[in-house]
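Welcome! Have a look at the structure below, and then we will walk through a few of its parts together.

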Amino acid sequence: MAQNELANYWCGQIVECKILRQSEDGYSVTIGKSEIPGLLSSERQHYPGALVLAQFVSAREEHAMLQELSNKHSTYSRLRDALKEEQALTTSLKFKRATDLLVPPVDDVEIRHYQSDTCNFEKLCAELAEQEFTGCIKSFNQHRVSRAGAILHAGRVVGCVYGKKSMNEPPSLQESLSLMMEDAAVPGADIRIYELPHHVVLASAALFLGCPLTRNDSLSPPEYLLQMREWLKQNKQTACFACSLQTTTWLDLHYDGEYAGTFCVEDQKYYRTEKFLVSKLDEQETRIELALLTPEIGEAEGGVGYPLLDPAEKIQ
């Protein structure tokens, strides 16, 4: 019976497993309604009875071999390759670069503008943290030829990007935040702040804090999008699809299983029509990935993400 049911699983599939007991390399678990026995490779601490999300790796002697989700490799670092960096900033500050991955205002909200020459950026950040601000900060420093942006949820940073002419590789979230804080506090920085809905911010956070899912299927991009959307809905998961086409990059956002919107990076437009993206994925050389914001992230001490004023603090 177990062997027959195991045939329905594929490498990379997301499954919910129930912890039975600790084993040599992880935990003995069960998956599915039939409680198929399995082995979960994990270095984290779990207790009997806990439900854990994992990826199916293979079947071995009627056991499911599972790998716990890991966020060691950010989806953002791969997405950034799809965006071309300008050689220098322009006076209009209208350019296509990594900071464009951060969703612009999706509602009729005010964009607040500040100049580092006339405002105390650290004090401004302290106020945002105290207010438990949810939204986006962007900084463009003409003197340092740098640009950066951070998305905040309840006053904590859940995503950050930083770009500079001299950089070839994208910095980590924490390093990007440190660099942004430094460049936004010195003369020459144009700072912009605007609010975003919490469901848009948390879905976007999956790009930076989430777990990119391994794919080993033969589904077309539209089929994969529709199938995984249904899985997200059934399991009430928060996630972001990253779709790289020949000419455009799309982010498809989902919060607690519900569709939250689709964002086109190139034209900086936010769409609220769920069927819109499906028709765009028929191009050749389309790459689609899914990053999942796992429940463990939301249970981190102090809330999701990093403190705005102390990027050295690590997520527990």
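## A residue and its surroundings

Let us begin with Gln-55, whose contacts in this predicted model include Gly-12, Gln-13, Ile-14, Met-65, Leu-66, Gln-67, Leu-69, Leu-213 and Thr-214, leaving aside residues up to four places away in sequence. Gln-55 belongs to strand S4, which covers residues 51–60. With a relative accessible area of 10%, Gln-55 counts as buried, because the cut-off for that word is under 20%.

Next comes strand S3, residues 36–41, where the side chains alternate.

Strand S2 (residues 26–31) pairs with S3 in the antiparallel sense over 6 bridges, and Ser-28 has Leu-39 as its bridge partner in S3. The hairpin of S2 and S3 has 4 residues between the strands, and there Gly-32 takes a positive phi near 75 degrees. With strand S5 (residues 63–68), S3 pairs in the parallel sense over 4 bridges; here Gly-38 has Ala-64 as its bridge partner.

## An open sheet

Further along, 6 strands form an open sheet with antiparallel pairing, in the order S6-S10-S7-S8-S9-S17. Strands S6 (112–115) and S17 (306–307) stand at the edges, each with a single partner strand, so one side of each has no neighbour in the sheet.

S6 is joined to strand S10 (residues 189–195) by 4 antiparallel bridges, with Arg-112 opposite Ile-193 in S10. Helix H5 (residues 198–209) packs on the sheet, where H5 touches S7, S8, S9 and S17. The direction of H5 makes about 120 degrees with that of S8.

Note on methods: Residues are numbered from 1 along each chain as its sequence is written. This is a predicted model: local features need pLDDT of at least 70, side-chain atom pairs count only at pLDDT 80 or more; totals for chains, interfaces and linings use all residues. Side-chain values use heavy atoms; hydrogens and water are left out. Helices (H or I, at least four residues) and strands (E, at least two) are DSSP runs, numbered from the N terminus. Buried means under 20% relative accessible area, exposed over 50%, partly exposed in between (1.4 Å probe, protein chains only). Contact means heavy atoms within 4.5 Å. Two strands pair if DSSP finds at least two bridges between them. Axes are lines fitted to C-alpha atoms, for helices over the stretch in contact, and angles run from 0 to 180 degrees between N-to-C directions.
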